[in-house]
Amino acid sequence: MLTLPNILTLSRIVALPILAALLWWPTWEMGYGIAFAVYCLMGITDYFDGYLARAQGTVSKLGVFLDPIADKIMVATVILVLTAQGILRGPYVGDMHVIAGLIILIREIAVSGLREFLGGLQVSVPVSRLAKWKTTFQLICLGALILGNALPGWTVTLADFTFNLPHTVGLTTLWAAAALTLVTGWDYLRVGLKHMD
């Protein structure tokens, strides 16, 4: 059970309260800088736990169970804390960016339930390439939103409109992730509907 890949997965779960605590004070730029470093480290461990498990032939049931859970609660934690602290706010649409976060959270919960249902029927649903792109956009958008608060001086002015570059990249890729979330969620649902009475 305590293989290196599983330890890396567990470290992401253990680090979540630290990450949430660092994100709790949006005016603490250094805290957000540290949070960005912790978030990046968690993303790196996410890559290496799967890579090492496959390379060493140590893929375990615990790892298969914990890895997607660690990913989902990391994304959910960051979205919820950033929403609570007013970070998912931008020009023109204000708090409407929260909708993109909700789409992502609803999809994650729905797909988890669908996978559990299909697992009972011995039906495997492989992760599509588009779903991997969705995950990539999620990681980028949340990291950029954290970085934007760590570096409030990174602003750009275009046509008399000044905006924080990392924050704007984060909000843009958040909507891209939400769009891919809807597409991939529908793909999973179509597979599930074939096995429902």
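## Cysteines

The sulfur of Cys141 lies 13 Å from the closest cysteine sulfur, that of Cys40, which is too far for a bond. A disulfide is counted when two cysteine sulfur atoms are within 2.5 Å, and a search of the whole structure finds 0 of them. Cys141 is buried, with a relative accessible area of 0%, and Cys40 is partly exposed at 32%. Here buried means under 20% relative accessible area, exposed over 50% and partly exposed in between, with a 1.4 Å probe and protein chains only.

The model is predicted: local features need pLDDT of at least 70, side-chain atom pairs count only at pLDDT 80 or more, and totals for chains, interfaces and linings use all residues. Residues are numbered from 1 along each chain as its sequence is written, and side-chain values use heavy atoms, with hydrogens and water left out.

## Nonpolar cores

A nonpolar core is a set of buried Ala, Val, Leu, Ile, Met, Phe, Trp, Tyr and Cys residues joined through side-chain atoms within 4.5 Å. The largest has 31 residues, and Leu19, Leu23, Val78, Leu82 and Leu142 have the most contacts inside it. Two or more residues of this core come from each of α1 (4-23), α2 (29-56), α3 (61-84), α4 (97-120), α5 and α6. Helices are DSSP runs (H or I, at least four residues), numbered from the N terminus. Another core, of 6 residues, lies apart from the largest one and includes Val111, Val123, Ala131 and Tyr188.

Leaving out residues up to four places away in sequence, Leu142 touches Tyr39, Val75, Val78, Ile79 and Leu82; contact means heavy atoms within 4.5 Å.

## Aromatic pairs

Rings of Phe, Tyr and Trp (its six-membered ring) pair if their centres lie within 6.5 Å; planes under 30 degrees apart count as stacked, over 60 as edge-to-face and the rest as tilted. The count comes to 2 aromatic pairs.

| Pair | Centre to centre | Angle between planes | Class |
|---|---|---|---|
| Tyr47 and Phe48 | 5.1 Å | 80° | edge-to-face |
| Trp133 and Phe137 | 6.4 Å | 40° | tilted |

Trp133 and Phe137 are 4 residues apart in helix α5 (residues 129-150), about one turn of the helix. Trp133 is partly exposed at 49%, and Phe137 is partly exposed at 25%.

## His167

His167 is in helix α6 (residues 165-193) and counts as buried at 14% relative accessibility. A polar atom of the His167 side chain lies 2.8 Å from the backbone oxygen of Ile87.

Conventions. A polar contact is a pair of N or O atoms within 3.5 Å; within protein, one must be able to donate a hydrogen and the other to accept it, and residues adjacent in sequence count only if both atoms are side-chain atoms.
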